[in-house]
Amino acid sequence: QVGARLARIEHQGGWPTLGRTAAGTVTDQLWARRADLVAALADVQQVPAHGDPTPANMCGREADDVVALDWSTLGFGPLGADLGQYALSAREALEPLLESYALGAGIDVEAARLGAYATAAFTALTRAEWSLSRAVRYDVPVEAAFRHPAVAPHLRVITKVADEIDWLLARNL
């Protein structure tokens with residue numbers, strides 16, 4: 001049964017290595033909702049996006065504006081997407097950042113929530129899958145790699161966005 005499930009996930013995409021963990025049910029459910037989430041994100045206001053909003057690229061302030069470097073990935077994306085990606089490497093939780101972002105931009109917090117939450121969740125899970133899949137093979141217990149220095153930080157980020165993942169799963173699309 002597990003082998004058939006892994007084959008199905010690998011064929012369809014998803015996070016097959018994370019699927020071997022206690023998070024497997026949640027990751028499978030979120031992956032199954034991806035088409036609906038992408039469709040919903042298409043309806044969110046598209047705005048200019050930095051594309052790589054890490055603390056290292058947000059290096060300072062000029063009055064109330066953030067000074068950003070490295071615009072090589074500039075493009076357009078759903079409102080809130082850059083914030084969702086930024087939150088993965090920020091000390092603060094996403095929700096307070098989202099509230100500050102909405103206040104500073106003069107927008108309704110709900111307008112940016114889907115973009116921020118979806119970007120944070122899918123990016124966190126994909127990074128964790130990537131690192132975990134390289135640290136283990138299918139013939140060893142996945143749990144053996146949880147403390148690996150290349151894996152553990154990504155697993156901690158998943159726990160940081162657990163509430164956002166729950167919100168995405170509970171959202172009616």
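Is E110 buried, exposed or partly exposed? E110 is partly exposed, at a relative accessible area of 46%, where buried means under 20%, exposed over 50% and partly exposed in between (1.4 Å probe, protein chains only).

This is a predicted model, in which local features need pLDDT of at least 70 and side-chain atom pairs count only at pLDDT 80 or more, while totals for chains, interfaces and linings use all residues. Residues are numbered from 1 along each chain as its sequence is written, and side-chain values use heavy atoms, with hydrogens and water left out.

The structure holds two salt bridges, a salt bridge being a side-chain nitrogen of Lys or Arg within 4 Å of a carboxyl oxygen of Asp or Glu.

| Salt bridge | N to O distance |
|---|---|
| E95 and R113 | 2.3 Å |
| R113 and E110 | 2.1 Å |

The pair of E95, in helix 5 (residues 94-105), and R113, in helix 6 (residues 109-135), links distant parts of the chain, 18 residues apart; helices here are DSSP runs of H or I with at least four residues, numbered from the N terminus. R113 and E110, by contrast, both lie in helix 6, three residues apart, which is about one turn of the helix. Through shared partners, the salt bridges join E95, E110 and R113 into one network.

Elsewhere, V26, Q29 and L30 of helix 2 meet I165, L168 and L169 of helix 8, contact meaning heavy atoms within 4.5 Å.

How values were computed:
Helices (H or I, at least four residues) and strands (E, at least two) are DSSP runs, numbered from the N terminus.
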